[in-house]
Amino acid sequence: MKFPSLTRSHAGRVTLAAVPVGIVAAVLLGGVAQGSVPVSFAVSGTQFQIGASQLDGTGFSQYAGVATDSEGAEHTVAIANIQSATLTDLCQSVISETPLGTIGVLIKAGGGDNPATATDLQIGMTGLKGDASFGNIRIGVDASTVNTDAKGTAGDFAQDSDSVSITNLQQTAWSTQAAVFTLNGMSLELTDGSQGCF
Amino acid sequence: MRRRGNGRFSLWRKDRPFIGGILVAIGGIEMFFSGQLDLGNLQIHLGIEGLQATIIPIVLVLLGVLSITMPAHHVFYGVIALAVALYALVGVNLGGFLIGTILSCVGGVLVTAWMTPQARALSKAPRDVPAGESE
């Protein structure tokens, strides 16, 4: 396509270059807002809270483990693996002391009919509350023989199940990682640290 | 607007997409530092980490510097800078929290759309319409 009248002036060339850029940028940002772009989260060094009105997952296992924070200190945590999870009304909050005072970060996602999804989710947690139901649960298996890809060390107590469903989940954790974490309808805000997820 | 001087720097500036190149480089630097955000013990990272969060800022700074030092290839550098800056939306902390992407996109558009001195002279010359061609 030739646009001789456009390419002869500077303003014309700028328009010719800027229009496709604007279109692609708008499409990409739309994709991010839809959650079709995978997002990974790493919050380290402090405990943070995770809340969700509903967590449904398949391929669940749990065993004791150690989470190391960024300063090398080790914390005993219960490691929970969920191979594929959907979280409705997911809320993550962490409160941190900084030179500027107390700052909190509150991240919400997956509201309403558009839950957040995660693949190969591994949470190092210190507390969990909620109404849980497990499908095909085995309690007291060796941590190295659990049915998820991530396994614990041999000789440790563990439990696993084919499916898990937790309502009104309230969890205190040291770390979360996921291979793919899709947060639909994500909102992130900085707060004054007075209010967490629960 | 009074053009300030025909000093050596001014002449050197006009020979290349100066502002565009600078903007692309600044966008790249901003993206790099957006990955170093540290509030006490809290680090915020969005997107798939790793090499691409380092390579993309490096490429953008290189493209900014190259488009200033080798203005003849400005279209090539500008187009690649645009493609990389748009990918950074996905790859580097949401494009350095959008700021880096915007800076590098504006710079990339300016670099691509920059007119070489010959092109500027052509645009100012009266246009001859060859017989048979309609405008």
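Visitor: In which sense do strand E2 of chain A and strand E5 of chain A pair, and over how many bridges?
Guide: In this predicted model, strand E2 covers residues 74-88 of chain A and strand E5 covers residues 116-135 of chain A. One place to look is A:Ala78, which stands opposite A:Met125 in E5(A). The two strands run in the antiparallel sense, and their pairing extends over 9 bridges.

Visitor: Which residue is the bridge partner of A:Ile123 in E7(A)?
Guide: Strand E7, made of residues 157-177 of chain A, pairs with E5(A) in the antiparallel sense over 12 bridges. Within that pairing, the residue of E7(A) that bridges to A:Ile123 is A:Thr176.

Visitor: Over how many bridges do E5(A) and strand E8 of chain A pair?
Guide: Strand E8 consists of residues 180-182 of chain A, and one of its residues, A:Thr182, is the bridge partner of A:Thr117. The pairing of E5(A) with strand E8 is again described in the antiparallel sense, and the number of bridges is 3.

Visitor: Which element of chain A has the highest mean pLDDT?
Guide: For chain A as a whole the mean pLDDT is 79, with 84% of its residues at 70 or more. Among its elements, helix H1 (residues 4-7) has the lowest mean, 69, whereas the highest, 88, belongs to strand E6 (residues 138-142) of chain A.

Visitor: Over which residues of chain A does pLDDT stay under 50?
Guide: Where pLDDT is low, the coordinates of a prediction should not be read in detail. The stretch in question has 21 contacts beyond four places in sequence in the model, and it spans residues 39-44 of chain A.

Methods: Residues are numbered from 1 along each chain as its sequence is written. Chains are lettered from A and ligands numbered from 1 in the order in which they are written. This is a predicted model: local features need pLDDT of at least 70, side-chain atom pairs count only at pLDDT 80 or more; totals for chains, interfaces and linings use all residues. pLDDT is the predictor's confidence in each residue, from 0 to 100. Helices (H or I, at least four residues) and strands (E, at least two) are DSSP runs, numbered from the N terminus. Two residues are in contact if their C-beta atoms, placed from the backbone, lie within 7 Å. Two strands pair if DSSP finds at least two bridges between them.
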